[in-house]
Amino acid sequence: GEDVVFCPLLTAIEDSNVEGHHVSATQVEEETRDLLDAHPDVREVKGVTVHYQDTVFVRVDANICVDPNATVSQANALAATLREDLEGSDGIDQANIFLDLNADTATENILEKMLSP
């Protein structure tokens, strides 16, 4: 028999909607930040990282701050909603939302140190 060469990259390109993936990482990051910032329950977007898998699949990891008085259930529901919104947008295949639970505490500590005599 004849040897067959299998190329995962070519298969990934054939299986994907390549037309929607001609967006730079910077554009994906900006669109992600805009979408997250527009949600009223997101206090701050701490960081967005864009990952390309097999050069065509885009995964976004976002760190956000929410109301420190939100329950775990509320924060989890918000993260699920934001993940769905991101994955429903053009150019993002997978999204992960991470909650930064220490942001307000760290900011308060810094302010206390700056304001103390």
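Here are some friendly notes on this predicted model, point by point.

1. **Overall layout.** The chain has 117 residues, and buried residues make up 26% of them. Its secondary structure comes to four helices and three strands.

2. **The hairpin.** Strand 1 covers residues 42–53 and strand 2 covers residues 57–66; the two pair in the antiparallel sense over 10 bridges. Three residues sit between them in the hairpin. If you look at the turn, you will find Asp54 there with a positive phi of about 55°.

3. Val50 stands opposite Val60 of strand 2, and Val48 stands opposite Ala62 of strand 2. In a regular strand, side chains alternate between the two faces of the sheet.

4. **Strand 2 and its other neighbour.** Strand 2 also pairs with strand 3 (residues 94–99), this time in the parallel sense and over six bridges. Val60 is a handy landmark here: Ala95 in strand 3 stands opposite Val60, and Val50 stands opposite Val60 as well. Strand 2 is mostly covered, with eight of its 10 residues buried.

5. **A buried charge pair.** How many salt bridges are there? The count comes to three. One of them joins the side chains of Arg59 and Asp61, at 3.3 Å from N to O. Both Arg59 and Asp61 are buried, so each has under 20% relative accessible area.

6. Glu29 forms a salt bridge with Arg33, and their closest N and O atoms are 3.2 Å apart.

7. **A salt bridge between Glu44 and Lys46.** The side chains of Glu44 and Lys46 meet at 3.7 Å, N to O, in a salt bridge. Are these residues buried or partly exposed? Glu44 counts as partly exposed because its relative accessibility is 37%, and Lys46 is partly exposed with a relative accessible area of 39%.

8. **A negative patch.** Which residues form the negative surface patch? They are Glu30, Glu31, Asp34, Asp37 and Asp90. Glu31 belongs to helix 2, which spans residues 25–37. With 44% relative accessibility, Glu31 counts as partly exposed. A patch member needs over 30% relative accessible area and no salt bridge, so Glu31 clears the area cut-off at 44%.

9. **The loop into strand 1.** Asp41 lies in the loop between helix 2 and strand 1. Asp41 is partly exposed, at 45% relative accessibility.

Note on methods:
Residues are numbered from 1 along each chain as its sequence is written. This is a predicted model: local features need pLDDT of at least 70, side-chain atom pairs count only at pLDDT 80 or more; totals for chains, interfaces and linings use all residues. Side-chain values use heavy atoms; hydrogens and water are left out. Patches are made of residues with over 30% relative accessible area and no salt bridge: like charges are joined within 9 Å, nonpolar side chains (Val, Leu, Ile, Met, Phe, Trp, Tyr) within 5 Å. Accessible areas come from the Shrake-Rupley method with a 1.4 Å probe; for residues, only the protein chains shown count as cover. A salt bridge is a side-chain nitrogen of Lys or Arg within 4 Å of a carboxyl oxygen of Asp or Glu. Lys and Arg count as positive and Asp and Glu as negative; His and the chain ends are not counted. The place of a charge is taken as NZ of Lys, CZ of Arg, CG of Asp or CD of Glu. Buried means under 20% relative accessible area, exposed over 50%, partly exposed in between (1.4 Å probe, protein chains only). Two strands pair if DSSP finds at least two bridges between them.
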